Amino acid sequence: MIALAHSVYFAFYLYLIMVFIQWLVATFSKANQPEAVPGKLSEDLSHDSFVFRAHRTFHNTLENSALFIGSVLFAFSLNYQSPLFAIAVWIYVFARLIHMALYYAIATEKNPSPRTYFFLIGLLANVFILVLIGIRLI
């Protein structure tokens, strides 16, 4: 079980590194724009702009982080260790990584876009984590 717990810790660590990298990409891509104003994104930008996509990627991750981080830390506080929990955490992390890569790479206004499917995979993995925690509490 030690290796299993270590695997989840490593996945969680990678997730935090991913959030940090997204912050760096969003911050520096925007700061390098001519006449960039701190804290303000031009309303003229849309998905055809990498600056817009980097900003939205980071903010989308922040919007989803509270539930994931809270769920994982709650499971850690319960000393919850199971193969299903580890798999769900890794699925979430991979889904968010692919979501990030697609958001950076694809400029589309289409809905659903390819990244939507990975958002949904991550959401389902997180819901599964919550269900596992709920079962553990019963």
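**Figure 1. Asparagine 79 sits in the loop between H2 and H3.** This model is predicted. Asparagine 79 has a phi near 55°. That value is positive, and the residue is not a glycine. Most residues other than glycine have a negative phi.

**Figure 2. A cis peptide bond links asparagine 111 to proline 112.** Omega of this bond is about 5°. Most peptide bonds are trans. Where is proline 112 found? Proline 112 belongs to the loop between H3 and H4.

**Figure 3. The whole protein chain holds four helices and zero strands.** Read from the N terminus, the order of elements is α-α-α-α. The C-alpha trace spans about 55 × 30 × 25 Å along its principal axes. Of the 138 residues in the protein chain, 39% are buried. Now take the contacts between residues at least 6 apart in sequence. Of these, 75% join residues at least 24 apart.

**Figure 4. The surface of the protein chain covers about 8000 Å² of accessible area.** Carbon and sulfur atoms account for 71% of this accessible surface. How many side chains are positive, and how many are negative? The protein chain has 8 positive and 6 negative side chains. The centres of the two sets are 13 Å apart.

**Figure 5. The largest nonpolar core has 27 residues.** Which residues have the most contacts inside this core? They are Tyr15, Phe68, Phe85, Val89, Val93 and Ile129. Helix H1 (2-31), H2, H3 and H4 each give the core at least two residues. H3 supplies the largest share, with nine residues.

**Figure 6. Valine 89 is one of the core residues with the most contacts inside the core.** Set aside its neighbours within four places in sequence. Valine 89 then touches Val8, Ala11, Phe68, Val72 and Ile129. Two of these partners, Phe68 and Ile129, are also listed among the core residues with the most contacts.

**Figure 7. Helix H4 runs over residues 114-137.** H4 has 24 residues. From its first C-alpha to its last, H4 reaches 36 Å. This is close to the 34 Å expected at 1.5 Å a residue. Which residues of H4 are buried? They are Arg115, Gly122, Ala125, Asn126, Ile129, Leu132 and Ile133. The buried residues of H4 pack against helix H2 (50-77) and helix H3 (83-105).

**Figure 8. Threonine 116 lies in helix H4.** Is threonine 116 buried or partly exposed? Threonine 116 is partly exposed, because its relative accessible area is 22% and buried means under 20%. Its C-alpha atom is 24 Å from that of tyrosine 13. Along the chain, threonine 116 and tyrosine 13 are 103 residues apart.

**Figure 9. Isoleucine 98 is part of helix H3.** Its relative accessible area is 35%, so isoleucine 98 counts as partly exposed. The C-alpha atoms of isoleucine 98 and threonine 57 are separated by 11 Å. Along the chain, these two residues are 41 residues apart.

Methods:
Residues numbered from 1 in each chain as written. Predicted model: local features only at pLDDT ≥ 70, side-chain atom pairs only at ≥ 80, totals over all residues. Heavy atoms only, no water. Buried < 20%, exposed > 50% of the residue type's maximum accessible area, 1.4 Å probe, protein only. Contact = heavy atoms within 4.5 Å. Areas by Shrake-Rupley, 256 points an atom, 1.4 Å probe, with all protein chains shown as cover. Lys, Arg positive; Asp, Glu negative; His and termini not counted. Charge placed at Lys NZ, Arg CZ, Asp CG, Glu CD. Expected span 1.5 Å × (residues − 1). Core = buried A, V, L, I, M, F, W, Y, C linked by side-chain atoms within 4.5 Å.
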